[in-house]
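I would like to walk through one structure slowly, so please keep the picture in view while I talk.

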Amino acid sequence: QVQLVESGGGLVQAGGSLRLSCGLSVSGFSVDNFSWYRQAPGKQLEFVAVIRPSGSTTYADAVKGRFTISRDNARNTADLQMNILKPEDSAVYYCNADLIGPADSRRRLEGQGTQVTVSS
């Protein structure tokens, strides 16, 4: 059984910070990458950041230098620290976890999304 739960969204003024968290309850699987995506109203789903089991990271250009993704492999959690937020960062943020199961089977688990709203 697997479950992925996000938390930490909310309303913040431009220039402020928020921290999103993603917790994974999993049995029988190991976790490969954690990633965050976002979707603003009327726009397509957009990649934000990914962190690999080694700790290496990749960021979208739009958030580079402002957002930091991290993970705790022992607890199967991933966080997204968002600083110097801009109104254009407003979106529903989704955490994804890429799972590796028996016989090297793969599946992606997506969270329910958490709303981030940045006021100008």
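Let me begin with Pro-87, which, leaving out residues up to four places away in sequence, touches Ala-14, Val-118 and Ser-120. Please bear in mind throughout that this is a predicted model. Pro-87 sits in the loop that runs between β8 (77–82) and β9 (91–100), and its relative accessible area of 34% makes it partly exposed, because that class lies between the 20% limit for buried and the 50% limit for exposed. If you then look for Gly-101, you will find that 14 residues separate it from Pro-87 in sequence, while their C-alpha atoms are 39 Å apart in space.

Now to the sheet. In which order do the four strands of the open sheet come? The order is β1-β3-β8-β7, with antiparallel pairing. Since β1 (2–7) and β7 (67–72) are at the edges and each has a single partner strand, one side of each is left without a neighbour in the sheet. From one strand to the next, the twist averages 15°. The antiparallel pairing of β1 with strand β3 (residues 18–26) extends over six bridges, and here you can see Gln-3 standing opposite Ser-25 in β3.

Finally, consider Asn-33, which belongs to strand β4 (residues 30–39). Is Asn-33 buried or exposed? Asn-33 counts as buried because its relative accessibility is 18%, and buried means under 20%. Apart from neighbours within four places in sequence, its contacts include Val-50, Ile-51, Arg-71 and Asp-98.

Conventions
Residues numbered from 1 in each chain as written. Predicted model: local features only at pLDDT ≥ 70, side-chain atom pairs only at ≥ 80, totals over all residues. Heavy atoms only, no water. Helix = DSSP H or I, 4+ residues; strand = E, 2+ residues; numbered from the N terminus. Buried < 20%, exposed > 50% of the residue type's maximum accessible area, 1.4 Å probe, protein only. Contact = heavy atoms within 4.5 Å. Pairing = 2+ DSSP bridges. Axes fitted to C-alpha atoms, helices over the stretch in contact; angles between N-to-C directions.
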